[in-house]
Amino acid sequence: MIVTMSVKATEKEIKDVIKKVEGEGYHTQLFQGEKKAVIHVWGVTDKERLMRKIESLSGVEKLIPILQPFKLASREFHPDDTVVSVDGRTIGGRELAIITGPCAVESESILLEIADVVKQAGAKFLRGGVFKPRTSPYSFQGLREKGLEILARVREKTGLLVVTEVMSEVDVPLVAQYVDILQIGARNMQNFALLRTVGRFPKPVLLKRGMSATMEEWLMAAEYILSEGNSRVILCERGIRTFESYTRNTLDISAVPVVNRLSHLPIIIDPSHSSGDWQYVDALSRAGIAAGADGLIIEVHPNPAEALSDGKQSLKPRRFCQLMQELKEIARAVGRQI
Ligand code: PEP
Ligand code: MN
């Protein structure tokens with residue numbers, strides 16, 4: 001719910017409203033505009049009771065209930081686009097966020113080789129998994145802490161900001177020490193304990209859509225993170241399961257305009273996991289940018305045939321650089337830049 005205070009409301013009246021709302025067990029955040037104060041209230045379970053309690057308090061102008069089930073994530077709550085700032089860079093503004101790297105961190109030399117090329121091509125974020133959610137327990141599971149150390153060293157050498165997936169609550173403090181953005185993978189989109197935990201850390205969270213999740217379920221997952229006080233959430237559409245089998249998943253391009261209408265959060269596209277095939281990554285990347293996405297996650301590997309995971313969908317560095325040239329043109333055409 002949003003409580004707007006009248007232009008003449010005094011500091012004491014504003015404080016009294018906050019006290020009353022918090023006394024009912026809800027969270028508040030005060031936005032002091034130039035003319036009037038606005039109080040955001042969330043976690044409301046009994047809207048009618050709260051309205052009865054505060055509508056007659058002095059200084060209150062009006063109460064605006066938020067109709068969507070996701071409150072903090074909704075555009076009703078926050079009409080302007082959210083621009084997530086990460087160490088001097090942004091996601092959600094005019095500049096597109098190109099997040100790229102190998103599916104998994106395999107060695108420092110391979111990561112550095114990729115990082116140098118993608119940086120030259122204009123990427124600002126390097127991504128590599130060190131805790132890998134593999135279908136088989138016998139597949140490569142990631143380098144864990146050793147991989148985090150590699151990410152940190154390559155960050156130091158290149159200035160690229162680093163992103164990695166965290167799969168378990170217990171690993172969040174460790175991973176947060178090393179990386180700039182915490183990724184929640186598709187398989188963990190509804191791991192509510194994990195969502196709450198990353199919501200309490202001062203790091204942006206890249207939240208992938210579950211492979212069978214509706215957009216509403218996905219936005220509710222974002223709500224878990226936001227409701228813990230972390231406002232830096234970036235959504236990532238990575239393809240959903242359909243009956244189609246020529247691609248690994250089906251990129252739901254409609255998620256871009258729908259989420260942009262429903263939510264203020266930035267949304268990026270992952271053409272690599274959507275298609276599962278490097279041959280389609282270019283087309284899906286172009287489509288994502290044209291549809292209004294705020295960025296892309298693209299998997300790149302110098303030797304896809306030897307990659308320890310997701311080689312089939314990884315672009316070779318040269319192909320990635322060509323794609324970046326094309327994407328710059330498309331970005332310009334839709335009023336964005338790379
Ligand atoms: C990944 O990003 O490497 C990954 C495992 O993605 P997803 O969670 O979308 O399957
Ligand atoms: Mn992958």
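Okay, let's start at the ligand: 13 residues sit around ligand 1, and Arg 127, Ala 186, Arg 187, Lys 208 and Arg 238 come nearest. A residue counts as near when one of its heavy atoms lies within 4 Å. Before I go on, this is a predicted model, where local features need pLDDT of at least 70, side-chain atom pairs count only at pLDDT 80 or more, and totals for chains, interfaces and linings use all residues. Residues are numbered from 1 along each chain as its sequence is written, chains are lettered from A and ligands numbered from 1 in the order written, and side-chain values use heavy atoms, leaving out hydrogens and water.

So, who touches the ligand's oxygens? Gln 183 has a polar side-chain atom 3.0 Å from an oxygen atom of ligand 1. For Arg 187, again through a polar side-chain atom, the distance to a ligand 1 oxygen is 2.8 Å. Ala 186 uses a polar backbone atom, 2.8 Å from an oxygen atom of ligand 1. A polar contact here is a pair of N or O atoms within 3.5 Å. On its own, ligand 1 has 300 Å² of accessible area, and the protein covers 97% of that; the areas are Shrake-Rupley, with a 1.4 Å probe.

What classes of residue make up the shell around ligand 1? There are 7 charged, 3 polar and 3 nonpolar residues. Charged means Asp, Glu, Lys and Arg, and Gly goes in with the polar ones.

Now the helices. Two packed helices are described by the angle between their axes and the distance between the axes. Helices are DSSP runs of H or I, at least four residues, numbered from the N terminus. Axes are fitted to C-alpha atoms over the stretch in contact, with angles from 0 to 180 degrees between N-to-C directions.

Take α10 (residues 278–291) and α11 (residues 317–333): the angle is about 20° and the axes are 9 Å apart. That makes α10 roughly parallel to α11, a label for angles under 35 degrees. Their crossing is right-handed, meaning the near helix is turned clockwise from the far one by less than a right angle.

Next, α7 (residues 215–227) packs on α8 (residues 255–262) at about 50°, axes 11 Å apart. So α7 and α8 are oblique to each other, oblique being whatever is left after roughly parallel, roughly antiparallel (over 145) and roughly perpendicular (65 to 115). That crossing of α7 and α8 is right-handed.

Note on methods: Polar contact = N/O pair within 3.5 Å; in protein donor to acceptor, adjacent residues only side chain to side chain. Helix = DSSP H or I, 4+ residues; strand = E, 2+ residues; numbered from the N terminus.
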